[in-house]
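I opened this model to look up a few local points and then the overall layout. My entries follow in the order I made them.

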Amino acid sequence: MKRILLRALATITLCYLAPAMPAQPTAAAFKFPPADLMNIGVYYYPEAWPAAQWPRDMANIKKLGMEFGHLGEFAWAFMEPTEGHFDFAWLDRNVALAAEQGLKVVLCTPTPAPPIWLTEAHPDVLMVDASGRRQVHGTRQHACWSVETYRRYVAKIVGELGRRYGKDARVWGWQLDNELTHYGKEPCFCDACQRKFQAWLKNKYGEIAALNRDWGNAFWSQLYQRFDQIRLPNTREFVAQFNPHHMLDAQRWFDAVTSGRPLGRRRSTISLGRASSSTTPCPHRMSRG
Ligand SMILES: [Zn+2]
């Protein structure tokens with residue numbers, strides 16, 4: 001008891017001696033004007049949860065104060081379970097549930113995650129890393145963005161999405177692909193990419209002599225005779241240090257591929273744009289890479 005009394009006395013004394021502190025602002029004082037508030041949304045993957053859970057989850061998303069709900073990212077295997085057979089019933093249901101909650105729907109093109117039936121039937125769509133290993137199905141962004149086969153399948157699934165949801169007023173916008181990167185393994189070194197790099201160089205320099213001059217290829221007798229002799233710089237095929245001009249052009253080429261990739265801004269926008277309003281927002285989700 002004595003100890004309790006002493007502690008109480010000490011507390012009272014400290015309170016008395018402490019300088020007057022400014023009153024703590026209330027929670028209301030921290031509120032920003034609505035115009036300054038950031039819009040917040042959440043990615044929801046209905047394909048990963050039992051259908052019976054969807055209404056509860058969507059209601060909770062709204063209850064947490066979210067304004068947007070992103071759907072469809074990576075869900076290619078559910079949208080097109082087998083080649084040419086499309087299933088959007090599950091997505092229809094979730095768009096409806098989101099709309100019922102007053103959420104703005106952002107649909108995502110599923111292009112970073114090609115289904116296994118596609119990569120199994122067309123292994124050439126799988127990217128090749130710098131050591132020459134072709135990647136396999138099982139994660140994401142494992143497809144080569146240059147291969148025409150892959151671009152054809154992308155155009156098909158994106159076209160289907162555009163036709164189905166392009167004029168749907170509940171769909172506020174589109175996310176095109178996801179994270180424009182091969183997660184540190186870029187660029188791809190497959191045959192299609194090698195050929196596209198050579199074509200890009202030919203288009204840039206016109207004559208092989210111009211490339212030899214600008215790359216400083218007199219050094220180490222690096223002179224090339226034709227554009228098709230040039231390979232993307234990689235540690236598997238090159239012995240010593242890369243010519244820095246060679247590396248720089250390889251990076252420039254890859255940037256051009258990235259900005260023009262079918263799952264990226266340009267072609268997806270065109271495909272979706274046929275069905276969507278030209279003012280429909282089509283952002284990317286960027287990340288490390
Ligand atoms: Zn490639």
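**Entry 1: one leucine**

I started with Leu91, which lies in helix H4 (residues 89-100). Helices (H or I, at least four residues) and strands (E, at least two) are taken as DSSP runs, numbered from the N terminus. The model is predicted: local features need pLDDT of at least 70, side-chain atom pairs count only at pLDDT 80 or more, and totals for chains, interfaces and linings use all residues. Residues are numbered from 1 along each chain as its sequence is written.

Is Leu91 buried or exposed? I found Leu91 buried, because 21 other C-beta atoms lie within 10 Å. The cut-offs are 20 or more other C-beta atoms within 10 Å of the residue's own for buried, 12 or fewer for exposed, and partly exposed in between, with C-beta atoms placed from the backbone.

I then listed what Leu91 touches: Leu71, Gly72 and Met79, not counting residues up to four places away in sequence. A contact here means that the C-beta atoms of two residues, placed from the backbone, lie within 7 Å. Leu71 is 20 residues from Leu91 in sequence, and their C-alpha atoms are 7.8 Å apart in space.

**Entry 2: H2 against H4**

I looked at how helix H2 (residues 54-63) meets H4: their axes come within 9 Å and cross at roughly 40°. Axes are lines fitted to C-alpha atoms, for helices over the stretch in contact, and angles run from 0 to 180 degrees between N-to-C directions. Trp54, Pro55 and Met58 of H2 make the contact with Arg93, Asn94, Leu97 and Ala98 of H4. By class I noted five nonpolar, one polar and one charged residues in it. Ala, Val, Leu, Ile, Met, Phe, Trp, Tyr, Cys and Pro count as nonpolar, Asp, Glu, Lys and Arg as charged, and the others, Gly among them, as polar.

**Entry 3: the core**

Which residues touch the most other members of the largest nonpolar core? I noted Val105, Leu107 and Cys144, in a core of 50 residues. Such a core is a set of buried Ala, Val, Leu, Ile, Met, Phe, Trp, Tyr and Cys residues joined through C-beta atoms within 7 Å. Helix H6 (residues 148-165) gives the most to this core, with seven residues. Domain 1 (38-180 + 261-289) and domain 2 (187-260) both contribute, so the core lies between them. The domain bounds come from an automatic or database domain assignment.

Leaving aside neighbours within four places in sequence, I listed Leu107 in contact with Leu71, Gly72, Leu161, Tyr165, Val171 and Trp174.

Most residues other than glycine have a negative phi, and most peptide bonds are trans. I noted a cis peptide bond between Glu186 and Pro187, with omega about -5°. Pro187 sits in the loop between strand E4 (171-175) and helix H7 (191-205).

Tyr183 is in the loop between E4 and H7 and has a positive phi of about 55°. Tyr183 counts as partly exposed because it has 13 C-beta neighbours inside 10 Å.

Trp220 has a positive phi of about 60° and belongs to the loop between helix H8 (208-215) and helix H9 (244-260). Trp220 is exposed, since 10 other C-beta atoms lie within 10 Å.

**Entry 4: whole chain**

I ended with totals: the protein chain has 10 helices and four strands, and buried residues make up 30% of its 289 residues.
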